[in-house]
Structure formats: C-alpha cells, structure tokens
There are 2 protein chains.
Amino acid sequence: VQNDSPELSLAPGRRRRRSVNDERRKTVIDTAADLIYRRGYDATSINDISNAVGIVKGSLYYYIRSKDDLLYEIVLDAHSYTHQNLAICEKLPTTPLGKIRAYINRHIRINTDNLAKSTIVYRDLMYLNEERRAEIVAGRDKVETWVRDQIRAGQDAGEMCPDIDPKMATIAMFSMANAIYQWYHLDGKLTPAEVAQSHTDFLVAGLACDPATHTPGHRSRLAAEPTI
Amino acid sequence: VQNDSPELSLAPGRRRRRSVNDERRKTVIDTAADLIYRRGYDATSINDISNAVGIVKGSLYYYIRSKDDLLYEIVLDAHSYTHQNLAICEKLPTTPLGKIRAYINRHIRINTDNLAKSTIVYRDLMYLNEERRAEIVAGRDKVETWVRDQIRAGQDAGEMCPDIDPKMATIAMFSMANAIYQWYHLDGKLTPAEVAQSHTDFLVAGLACDPATHTPGHRSRLAAEPTI
C-alpha cells in the first residue's frame, strides 16, 4: 500500500525530516557566519565550522559543498533582508524623502541587528566566486537605482535640494550606513535604534531643502572659505 | 686632515648619498604601496616589491627590514598628510563650520590624490603590528577629537544643530570620506574636486541649523513616518 501512494505515506516523514534539516542548515549557516565574522574568511576552515556546529565534516557536506557555498548562503540571507526592506518601503504612502528616511533607518537596523552577516557582506564579498558575486552586485545595483530615483523624485517634488547629485548622495548614504560594522559594538553606549535615528536624521537633513529659500549653490556657499 | 674634521670632509658626501638614498627609499615605498593596493597586503611579497623596484632583495633590506616596516612607512606617509591638514585647518580664521568644511574637503582630496596609500590605511591597517597600529590609531583619535570639538563649538555658536550627537556626526563624516577608496576611480565621470565638493556640501548641510527656526527634534520630524 505504501508503494502505491508514496506521497501520502512518505509525505509526513519527509516533511518532518526536511524541517529538521532546515533547522540544522540554519544552524550551520549562522555558526559559519559567526566564525567568519570573528576570524575572517581566509582564517576559517570547513573543519572549524563542523567543530563549532558539533557534527563531523562528512555530515557538513550534506548541507553545503564548499566554503564558497557557505559564503553565498550567508550573503543571500543578508540580502534577503535588504530586498524585503525595499519591497516594504517602495509601497509606503509617503513622499520620496519619507521613503528614503524609512529605507535607510531600516537598512541601518538590518546592519546592527545582523552584525556578523552584514559585516561579511561588506568585508568579504570579494572572496565569493565571480558569477555569484555578479548576482549579488546586480541586486545591490537595483536598490541603489531605487534610492537614486527617490532622490530625483524628491528634487522634482521640491523637498530635496536640486543642487544634489543623486548618485553622489546615494553613495554618501550607503557609505554611512554600511560602515556601521567598522565601529559599532553591541555593548556600546548607543542602542541600535539610537544609531539608526542619528544617522538617518543626518542624512535627511543633508538631503532636505526649502524651495522658498533655495538659491543655486547655497550649500556650497555655507561656511565657505573666503576666496583670496 | 680628513680624519681631524670628519664633519667637514664627510658631510658633503654623506649628504649626497643620503639624498640619493632618500629618493630610492621613496621609490621603494611608493612602488610597494602601488603593488599592495592592487594585489592586497597578503598577496604581495618582498620579492614582488624588489622585482618591481628593479633591485635585488638584498638591496631592498638596506631600506626596510620587513614587510611590516614597509606597511608602517606607507601608513606614516598617508598620516603625515592628515596631520598637515589638521595643522592648517585649526589655524584658519573662520567659524567651526568653516573649519569642518575646509578640513573634510582637503581630507577627501588627500584620499582621492593618494588612492593607493589611503586605501591601504583603511583596508590593511589590521596587518600592522600591534604597537605601531596603536600609535596610528592614537593619531587618528587626535583628529577625531578635534572634529568633535569643532562640532560642539559650532553648536555653541548657533551654526550647527544642537540636536546632533558630535560623536555620531564625526563617525558619519569619516564614514563618507573614508569609503572613497571602495568606489572612486580616477577615470570616473567626476573629478576629485567635484567628489570632494559634493560630499563636503552634503556634510555641511547635514550639520548646519538656523537658530531662528530650530525646535528640538525638528530633524527627526522631517518626513517622519506617521505613528499609527
């Protein structure tokens, strides 16, 4: 009877096994992320990871085939948060500046709350094989294009300074937000929410402009050195 | 006679030899910086450097004793520009915001105009031996303290927003300025001067505030998400 309806007889067992495997798989990836974060990609071996997970090396290969696979899974995990964030923010019923505020605040929280994985994305992406790296960079480009489009829309709407170069402002934003891993420590004085608020306020203040007082070049004249 | 006044008899020869050595030493450091910049610190050997300079390995040891020595010289070179910049800007006859503008604009130009050495400072400092690294970090702390002090003075003077956390704003500034090496290419569309102007204007606009219109928390309310 079992052989006649393998879906029915095997499904529960398969489902249970897959669920256990998914959990074990997540443990492998999270443990690897933590080790690579602390030791660096080069200095972490498959052996170190299987020891830390508490399984033999042979069993580890059931979940991943290579260190590159592991790095790829870690980076995909981190990027899935980024793409979720984009999906949420592009639908927000607010102005372009409001969308930028919401996006960058959440982006910084993704970085602070997933410090190991986000550090690996910014620090170790160069180790990923070329094809996979190209895929990740394409995903990043999509986000950056969206941010640039919001800046252009905000300029058209008169809420962001028309003197701003959207590409440079996008670089400025991600430079601030993605340097978090270089200085932020979970045991520091500021909470993740305070860090995100502070950086976000700074960025929004740097983008905003009042059309009533705008004159071309006013940002460059502010506290400028006297020309001699 | 020569032996009686070694200073007189040897000085010209010594001076000439030292000058040639200084030039050769500069060539060694600049060539090493260029190689390490392109290949990475780990992937560059003393052999690669002596080949690129065009001298035998034994001669190279006349100028430097180890790869760590080379890294130290490169980092010291880059930092000497930073400290020159600080010495100039702290004496400028302008307001704190004017000093910040002048400092960060020049700092970005130091990064764009010395891309190999500044990249090595930001990317490879971790390879430097602990004692030397501590010395470099202490020098960096001195600069960051000066920037924070300027922000506090600008807040007191009513030209920078009192809601700003000086420490976070300092981090924001150096995050933008020191990420240059991650994206900037000399053959890009923007000139080094345009890159510096754009980032500096963004930072100054983010710091500035008009006491006449300031109300506590106004930066956080700008384009804020409606609370539900």
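Predicted model: local features only at pLDDT ≥ 70, side-chain atom pairs only at ≥ 80, totals over all residues.
Is A:Asp113 buried, partly exposed or exposed? At 44% relative accessibility, A:Asp113 counts as partly exposed, because that category covers values between 20% and 50%.

A:Asp113 has a charged partner. A salt bridge joins A:Asp113 to A:Arg109, with 3.1 Å between the closest N and O atoms. The two residues stand four places apart in helix α5 of chain A, so about one helical turn separates them. A:Arg109 is partly exposed as well, with a relative accessible area of 30%. Over all chains, the count of salt bridges comes to 26.

A:Asp68 forms a salt bridge with A:Arg132, and the closest N and O atoms are 2.9 Å apart. A:Asp68 belongs to helix α4 (residues 67-89) of chain A, while A:Arg132 belongs to helix α7 (residues 130-156) of chain A, so this pair ties together parts that are 64 residues apart in sequence. Both A:Asp68 and A:Arg132 are buried.

A:Asp48 forms a salt bridge with A:Arg39, the distance between the closest N and O atoms being 3.2 Å. A:Asp48 has a relative accessible area of 21% and is therefore partly exposed. A:Arg39 is also partly exposed, at 45% relative accessibility. A:Asn47 is located in helix α2 (residues 46-53) of chain A, and its relative accessibility of 38% makes A:Asn47 partly exposed. The C-alpha atom of A:Asn47 is separated by 64 Å from that of A:Ala212, a residue 165 places away along the chain.

The interior comes next. Helix α6 (residues 115-124) of chain A is largely enclosed by the rest of the structure, because eight of its 10 residues are buried. The buried residues of α6(A) are A:Leu115, A:Ala116, A:Lys117, A:Ser118, A:Thr119, A:Ile120, A:Val121 and A:Asp124.

In soluble globular proteins, nonpolar side chains tend to be buried together. The largest nonpolar core in this model has 68 residues. The residues with the most contacts inside this core are A:Ile151, A:Met173 and A:Leu207, together with B:Ile151, B:Met173 and B:Leu207. What does A:Met173 touch, leaving aside its neighbours within four places in sequence? A:Met173 is in contact with A:Ile100, A:Ile104, A:Val147, A:Ile151, A:Leu203 and A:Leu207.

The contact of the two chains can now be described. The size of an interface is often given as the accessible area lost when the parts come together. Between chain A and chain B, the buried area is about 3000 Å², and carbon and sulfur atoms give 66% of this area. A:Met168, A:Phe202 and A:Arg219 supply 22% of the area that chain A buries against chain B, more than any other three residues. The contact takes 35 residues from chain A and 35 residues from chain B.

Which kinds of polar link occur between the chains? There are zero salt bridges between chain A and chain B, whereas eight residue pairs are in polar contact. On the side of chain A that touches chain B, α5 (96-113), α8 (166-178), α10 (192-207) and α11 (218-221) each supply at least two residues. The most comes from α10(A), with 11 residues.

One detail of the backbone remains. A:Ala223 has a positive phi of about 55° although it is not a glycine, and A:Ala223 lies in the segment after α11 of chain A. In chain B, B:Ala223 likewise has a positive phi of about 55° without being a glycine. B:Ala223 is placed in the segment after α11 (218-221) of chain B, and at 21% relative accessibility B:Ala223 counts as partly exposed.

Notes. Residues numbered from 1 in each chain as written. Chains lettered and ligands numbered in written order. Heavy atoms only, no water. Buried < 20%, exposed > 50% of the residue type's maximum accessible area, 1.4 Å probe, protein only. Contact = heavy atoms within 4.5 Å. Buried area = accessible area lost by both parts, 1.4 Å probe. Salt bridge = Lys/Arg side-chain N within 4 Å of Asp/Glu carboxyl O. Polar contact = N/O pair within 3.5 Å; in protein donor to acceptor, adjacent residues only side chain to side chain. Core = buried A, V, L, I, M, F, W, Y, C linked by side-chain atoms within 4.5 Å.
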